[in-house]
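Load the model in your viewer and keep the selection tool ready.

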Amino acid sequence: MEKSNVPSPTQHSLQLQHVNVKLLLQHPSEVALDPLIPIFLDWIQDPFPGELLLDIADYRHVPAGPGVVLIGHEGDYGVDNTDNRLGVRYNRKAAFEGSNQDRLKQAARAALTACRRLETDSRLGGKLRFHGQEVEIFINDRLLAPNSDATRVAADPDFRAFADKLFRGSEYSMTQEADRRRLFGVTLKSSRPFSVEQVLEAIG
Amino acid sequence: MKVSNAMWAEKLAGQLPEGLDREIDIFETEVALRKQGKFDERLFAETRLRRGVYGQRYDNGQRHNGKTVQQIAYPSGALTKGPSTMWDAPGMQRIKIPGGGLDAAQLETMADLAEEYSDGIAHVTTRQDFQLHYVHIEDTPSLMRRLAAAGITTREACGNSVRNVTACPYAGVCPDEAFDVTPYSRAMSKFLLGHPDCQNFGRKFKPAFSGCSQHACGLTSMHDIGLIAVTRNENGKETRGFETYVGGGLGAVPYQAKLYDSFVSPEELLPLTQAIARVFAARGEKKNRSRARIKFLIQDLGIEKFKELVQEERKNLPHDPRWTEFMTEAETFQETPLRPGGKAPLLGTADFQRWVRTNTRLQKQDGYVVVTIALPLGDITANQLRSLADTARRFTRETIRTTVEQNIVLRWVSQSDLPELHKALHAAGLADPGAGTIVDVATCPGTDTCKLGISSSRGLAGELRNRLAEKSFQLDESVQNLHIKISGCFNSCGQHHVADLGFYGVSRKMSGYAVPHFQVVLGGEWDHNGGTYGLPVIAIPSKNIPEVVTRLTDRYAAGRQHAESFKDFIKRMGKVELKKILEDLARPPADPTDRSFFSDWGDPREYSLSDMGIGECAGEVVSAVDFDLAAAERELFEAQVAWESGQVAQAGATAYQSMLRAAKALVKIETQNITDDPAQIVGEFRLRFYDTQKFFDPFAGGKFAQYLFAAQEKSSQPATADSARYLIDEAQLFIDAAHSCYNRISTPASA
């Protein structure tokens, strides 16, 4: 067992920084990734407010990999195929001020806004659509949030409060990532589908 | 950038190898000092390069959008991490893997770091390193600490230093080797890391080991020092040694290494290398980077004169017990298997049989094979790294190595485990067949991330890989075994000179527009440690390169005489005939509205050279004295921090140490034979700089030197808050005087 001088997180000490949100997509085999390169090039020219977008990393050749990543300063956007589950992913890299709810909301908004922009881009032919029911949330920092039972217990109230809002009070399941070596995170699955617009509206 | 950066030092306290923790603390301080504008940017560039922290494309603060060049508004504004290198620009972290050797936990660490600091991908290079891209400078100390805790260093991964010591990944298991070079390469890597005699090079220095002369795996011919295992019989006893080559290198003009000695004994391996390093540091070019590699020095001097100088230097080397400490263990070194050896499976799917044919290689030990995991473009995901770690634990004693073909091998796999191992790799997306074949294209980062990239080597490699993979098993067997290697520019990081079909990026104008091209390089030889370099034949637009491959391989398959190699076929064809076959592909598109030629593979922007920056491969030419004086200043800064936090004793000791370091920096201008003994440093300083008055200030005379002498006299006395404070002030004046002294003696007197 690795010696640790840093205590396990508690509900009060847990900082949910570097939040990643991945929105799973419908019919992933129908989504062509080639148009993402010119689309993301356009985004570099026309970024989201307050964000600096820098470059594109193309990993389409890697099985079950990060797909195409739009590298930013504050955060990366991508259409990610990790675990062969295609989704629109936002990876917050810079620290974000505020509460854990604020941080979850910021990352979710970023992912949803990106997803909406892709859904409406004609170059993707309307094939890229949010699944509507599945969202993965990860904390990309093993020191702040090791993938442990203690972190799960500490994060549970924040995740539940956020999921309640995200799915507008509908029933949902929450499953923790099982491989303790992987990032701490959960998969949220709602009992009924929502559109990107509905979820954006729900989180405010 | 990571919120946890401040916490990793505490988390890993006591878990880092001795020396590395201090080394990383120093770098973290330098990062902080540079951020505050208290550390020279040129010096900072070299210090970060020597920790493997490299620049990336667009770090000069501008990016071409396909029409115009636009400025990038990085949040830290004008703050830089080197000349024309913006602070906030993402960079590349190179991670040294000596001999390519890794264990499962190290793979897992690499996975964590790829996820947390990079973009989820770890990249294996053509020199057995790993690279992570898009890393923020402020994350690098944490990243280094986590690597160090896993037994990995980034120290001297870039810059004008001894780079990763590479070695044949089949060492110890190859049936054709003279003996296992693994322990010798590790000993060299350890010995040269941070060695004082390797801190003042004008350019990098790359060593490589091979177990034999006939295969390619070590590529010794293209290294600054190449060592091939040989044995000879002495009085009825087989003794080990190294056929030693020097002065090889690729780059724009490739040089084949020259034979230095046909048999260097293991006892002489390290002292000889040290002597070579001293000659390179003393005599190598420092100002003109393009002629600063040791190959140019050897060319200018001639190998015989170079040998004389090395032998002279060797005689003067003070004995170092580390020269031979490793030898007993080296002679008995042997990896062991986890599972009993077995027999090759006779059954299996066609996919499995193909994979066995191309991705496994018999070991000299009966019943075992080496399995190659073919990584597309050298890339592997974090989750794949973890799966591979699991597989390595399940089937081997974690005998993992990276290769110069940008792959990973698992050694000591029992043949009877192959079906299960294949299943495990397949589940992780790691069972692509075609390792070491024409499909397994090697490439440097090119325009994807490299500041020097001219054309998209990775884009082209991906395209060729896709096209060839579709038909690879229908290709003639002679074609299947060819090697394709691609560099984004003439600097040869993709090793295009030693490929059957090599390509390097160039640009040409067509119809008034810049068009990405690749120069076609043919006739190189991968075997015999990269025994022959290919020659450029013709530059072809990037988009026509797949057709070049098709034409040449078809012609070879159809016109090959007996067992003629591709190299011999190319030689027989001749440049004129080859040009004829390809020249129509060099012309502009027939349809003038076809704009596809004006963009590169994987990048639809209209092609432009304006994203190119200044390369950092050569690092900044910063003298060892500059470095040592900067280190003295950093120590003085630490003394001030200690004093402010009430650690008086530490403050006094560190201030004294900073004076010693500055004095030693000056002494080293005149002699390299100086230890860390304070009495020796002060004595030599007095003799060489005080008694000669070289240190004397035009106004203050020898006053500042007296501070050092006084500090030495009082060094055993306990420090008080006042005495530590005075000593810090005196140390500052002494270091300033050392800078002035160095400036005076290094600036030629005007005529």
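**Stop one: helix α2 of chain B**

Just past α2(B), select B:Gly37: its phi is positive, about 75 degrees. This is a predicted model.

Now step back to the helix, residues 20–35 of chain B. Its 16 residues should span 22 Å at 1.5 Å a residue, and the end C-alpha atoms lie 23 Å apart, which agrees.

Colour its buried residues, among them B:Leu20, B:Ile24, B:Phe27 and B:Val31. An α-helix has 3.6 residues a turn, so residues three or four places apart point the same way. What do the buried residues of α2(B) pack against? Show α3 (41–49), β1 (53–54), β4 (80–82), α5 (140–149) and α20 (624–644) of chain B.

**Stop two: salt bridges**

Stay on α2(B) and pick B:Glu23. Its partner is B:Arg155, with the closest N and O atoms 3.6 Å apart. B:Arg155 sits in the loop between α5 and β10 (166–167) of chain B, so the pair ties together parts 132 residues apart in sequence. B:Glu23 is buried at 12% relative accessibility; B:Arg155 is partly exposed at 24%.

Next, select B:Glu635 and B:Arg661, a salt bridge of 3.0 Å, N to O. The pair links helix α20 to helix α21 (residues 648–670) of chain B. B:Glu635 is buried at 4%, while B:Arg661 is partly exposed at 27%.

Move to chain A. A:Lys22 and A:Asp80 form a salt bridge, 2.7 Å from N to O. They join strand β1 (residues 19–25) to strand β4 (residues 75–80) of chain A. A:Lys22 is buried at 1% relative accessibility, and A:Asp80 is buried at 5%.

Methods: Residues are numbered from 1 along each chain as its sequence is written. Chains are lettered from A and ligands numbered from 1 in the order in which they are written. This is a predicted model: local features need pLDDT of at least 70, side-chain atom pairs count only at pLDDT 80 or more; totals for chains, interfaces and linings use all residues. Side-chain values use heavy atoms; hydrogens and water are left out. Helices (H or I, at least four residues) and strands (E, at least two) are DSSP runs, numbered from the N terminus. The expected span of a helix is 1.5 Å times one less than its number of residues. Buried means under 20% relative accessible area, exposed over 50%, partly exposed in between (1.4 Å probe, protein chains only). Contact means heavy atoms within 4.5 Å. A salt bridge is a side-chain nitrogen of Lys or Arg within 4 Å of a carboxyl oxygen of Asp or Glu.
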